[in-house]
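Please open the model in your viewer and keep the selection tool at hand. The tour below moves from stop to stop, saying what to select and what is there.

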Amino acid sequence: MLSPPGGLIRPELEPVFEALLKPLPRTVLHWLHKMPARRTVLQALATEQGPVTHEFLDRFAAARSVEYLRAALVAAGALPARDEQLARLERWLAATVPRVSSAEERRILRNYTNWQPLRRLRRLPAGQLVTHSRAETVRVEIRNVARLLEWLHDGGATLGTCTQDPVDAWLSDGPSTRATVRGFLLWTSRRGHSRPLTAPVISNYFTARTIGKDRRWALVRRLVHDEQLQVVDRAAGLLLLLFAQPVGRISRLTTDHIVDRGDTLALKLGRVPAEISAPLDDLIRQLVERRNGRAATVPIEESKWLFHSIYPGQPIDPHTLGRRLKAIGVPPQLARHAALMDIASELPAVVISRLLGFHHSTGDNWTRLSQGFGADYAAEVSRR
């Protein structure tokens, strides 16, 4: 498949050939013959010129099998690693922005995406990847901006001539997510692309988005005792419910985070390893023993991820792990908020930071929220 008719594999495809020889032969044959599109990609590689690049594979972005091939090449060193969530977002924006009918407004929206959301994501600290939730937040915002611009156009108005009244009418006639256009409107107002326009701030009062303590502990008991659930789901759910770890951080845990002394096991979530009690310690040991998972392209001794993706050499996608937890009744964000509230009510902020890996200010915020607003309210009354 990697050879042109009657020819030999060209030298640039040798790394691809070597990467596909790493897993078990049965695994490769199953991957090749399950979907014809996979063979099409390899045959396209055979007829191309030059080395295999991410940009070439992006032509087949709609084919899910390409992501497996890409991961195999990255794991084998044939392709450099890149932030796939960011790359998918960039492709999505390149296809979405041109749908705005006005050429001038397309230019404004393209400049906004490059200089605001994309710039923030590209400037993340080294080693920090764009998460699915961050990318989806940008998609929701740009979708709503495009809908607002088209709604104005259908009504005979433009961004440059629009006043606040029609914006308010559009905001009030739809879901609350329409308010995500606030950043765009403030930016266009500052840049002189529009009159002064704004939208309400979407409330981020996260203490209202939580679950009750009794439900949290009922979920913990279920994950502890229900052996019908998969080990991956039980371990991830308990790390979230007991240690308030976000799904994104859970998905990237490796064997390097584990301190196994035989009789005890600890996890390096923060600066000080946190001791893990039974049965979570045994669940983590099981993850270590079978950490190759379904990603057979990478030999087990080279793989360190505790929660494997179906793609070789990669951890499970946080969005996928979140969906798995929801499927067994554990709402990731609400359950994590409940865990943080309970932990903050029992431990000082500095201990939370050192054990669980949160910034000290995060521990302070949750400690204050867990204590309620009584002291602040009393102080305000006394000042009056």
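Axes in this tour are lines fitted to C-alpha atoms, for helices over the stretch in contact, and angles run from 0 to 180 degrees between N-to-C directions. Helices (H or I, at least four residues) and strands (E, at least two) are DSSP runs, numbered from the N terminus. This is a predicted model, in which local features need pLDDT of at least 70 and side-chain atom pairs count only at pLDDT 80 or more, while totals for chains, interfaces and linings use all residues. Residues are numbered from 1 along each chain as its sequence is written, and side-chain values use heavy atoms, with hydrogens and water left out.

**Two crossing helices**

Select α13 (231-243) together with helix α16 (residues 318-327), whose axis comes within 10 Å of that of α13 and crosses it at roughly 95°. The two helices are therefore roughly perpendicular to each other, a term that covers angles of 65 to 115 degrees. Where they meet, with contact meaning heavy atoms within 4.5 Å, Val232, Asp233, Ala236, Gly237 and Leu240 of α13 face Leu321, Arg324 and Leu325 of α16. The residues of this contact divide into five nonpolar, one polar and two charged; Ala, Val, Leu, Ile, Met, Phe, Trp, Tyr, Cys and Pro count as nonpolar, Asp, Glu, Lys and Arg as charged, and the others, Gly among them, as polar.

Next, select glutamine 245, which lies in the loop between α13 and α14 (247-251). Is glutamine 245 buried or exposed? Its relative accessible area is 2%, so glutamine 245 is buried, which means under 20% relative accessible area, whereas exposed means over 50% and partly exposed in between (1.4 Å probe, protein chains only). Leaving aside neighbours within four places in sequence, the contacts of glutamine 245 include Leu239, Arg336 and Phe358.

**A three-stranded sheet**

Now move to the open sheet, where three strands follow the order β1-β2-β3 with antiparallel pairing; two strands pair if DSSP finds at least two bridges between them. The edge strands, each pairing on one side only, are β1 (258-260) and β3 (274-276). Strand β2 (residues 265-267) pairs with β3 over three bridges, and leucine 267 has alanine 274 in β3 as its bridge partner.

**A last stop**

Finally, select threonine 53, in the loop between α3 (36-47) and α4 (54-58), which counts as partly exposed at 28% relative accessibility.

Terms used. Angles under 35 degrees count as roughly parallel, over 145 as roughly antiparallel, 65 to 115 as roughly perpendicular and the rest as oblique.
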